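Hi everyone, thanks for coming. Please have a look at the sequence and the structure on the screen, and I'll walk you through a few places in it.

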Amino acid sequence: MSKQQQSTQSLSTVEFHDPVKVKVSEFCSHHNLEIVYPVDFEEMEFVTFNINRPGLLLTGFRTHFVHQRIQVLGEMEVAYIMSLSKEQRVSCLDRLFEYDIPCIILSNGKEPFVELLTAAKKHNKLLLLTKLKTTVLINQLSFYLNELLAKSQVVHAVLVDLYGIGVMIMGDSGVGKSEAALELVQRNHMLVADDAVQIKCINDVLVGQSPPITKHFMEIRGIGIVDIRNIYGAGAVSNSKVIDIVIHLEDWDPHKQYDRVGTMTQTYTILGKTIPKYIVPVKPGRNIAIILEVAARNHRLRTMGYDAIKELEERMK
C-alpha cells in the first residue's frame, strides 16, 4: 500500500465530489494569489471543498491525511518548520510535497524560505503566496470550492427576489412566467434568471442563478430579448438567490379543484432537497404579480411562526 493510500485509509467521512478542473491563472487571479513556484501544467483539479493545514503531517503523523485538499502553511506551520534543523526541514517538507496535492499556499505574506522553494522545485509542486490571514484565506477558499463543486441542475423556470424571498416561477411555455416577472421588476423587485435557472445545492441550501449567457436578459413574446439591467438599472437584477418557494403557473381548468384555504400542501424536490410548492391558475383578469407578492409575504410570515389557517380556526372556535 502506497503512502497516499495509507494516509487516506478509513476516511469514510470525507466527502469527495466529481473532479472539477480550473485554470491555474484563473484560480490565482480570483483569490489574488502570487505564484512563487510555477508548474508545467495549466489546470488544477479539485474533488473536495475542505482545506488542510498539514501541521500533523509535518511532524510525521500520516494517518487521515487527505492529500486531495489544498494545503495551507500558516504562521504555526512555518514557526514549527523554522524551529527544526536544516536537515529536519528538508525531511518534513519532502514528507508533504511527495503527495499529489493540488497546491501549497503560504499565508500571512510570509516570505518563502530556501527549503520550501527547494522542495517545490524538487517535487514540481505549485507554490502560492497570499497576504491574507490564514483563517480568512481558508474561509474564502472553502466558500469558493463549495460553490464550484456543488451539484447543479438547470430547470425551465424564472427566478425572482420578492421581499428577500426567492420565488421560482414554473409552468408551461407561454403561460406568462416572464410577463409576471417583468411586472414584478416594475414593482421594484429583482430578476435573477429568466427562462433557465441554474440550481446548485450549496451548504445544504438550494441556490439559483442565471446561466452566464442569458444573465440579466429576458424574453418577452412580441417584443423579443430585452436587457433588464440596462433598462431598469442594477437594482433590478440579482446574481443569485436562495430558492424558498416554487409557484407553478397553469392555465385555469374549470374542472379542477384548486386550493382555496391553504391546506393542500405540496412540495417540489430537486437535488435531494424539498421546498414548498403552490399551484396558481392563470386566466384573464387575474393579477399574477400581486398573487406572487402575497405568496412571498405569506411564506415569510409562516417562517416566523404565523399561520393564517390556525388563526382562522381559533377564531371559529
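A disulfide is a covalent bond between the sulfur atoms of two cysteines. Here it is counted when a pair of cysteine sulfur atoms lies within 2.5 Å, and searching the whole structure turns up 0 disulfides. C103 is in no disulfide either, its nearest cysteine sulfur being that of C28. Are these two cysteines buried or exposed? C28 counts as buried, because its relative accessibility is 6%, and C103 counts as buried too, at 1%. By buried I mean under 20% relative accessible area, by exposed over 50%, and by partly exposed anything in between, using a 1.4 Å probe and protein chains only.

A word on what we are looking at: this is a predicted model, where local features need pLDDT of at least 70 and side-chain atom pairs count only at pLDDT 80 or more, while totals for chains, interfaces and linings use all residues. Residues are numbered from 1 along each chain as its sequence is written, and side-chain values use heavy atoms, leaving out hydrogens and water.

Now to the sheet. Helices (H or I, at least four residues) and strands (E, at least two) are DSSP runs, numbered from the N terminus, and two strands pair if DSSP finds at least two bridges between them. How many strands form the open sheet, and in what order? There are 6, running β11-β9-β10-β17-β19-β18, with mixed pairing. From one strand to the next, the twist averages 35°. Strand β9 (residues 158-162) is antiparallel to β11 and joined to it by 3 bridges; in one of them, L159 has A193 of β11 as its partner.

Helix α8 (residues 177-186) packs on this sheet, touching β9, β10 (165-171), β11 and β17 (245-251), and its direction makes about 25° with that of β9. Contact means heavy atoms within 4.5 Å; axes are lines fitted to C-alpha atoms, for helices over the stretch in contact, and angles run from 0 to 180 degrees between N-to-C directions.

Finally, two asparagines. N108, in the loop between β6 (104-106) and α6 (114-123), has a positive phi of about 65° although it is not a glycine, and it counts as buried at 18% relative accessibility. N203 lies in the loop between β12 and β13; its phi is also positive, about 55°, but N203 is exposed, at 52%.
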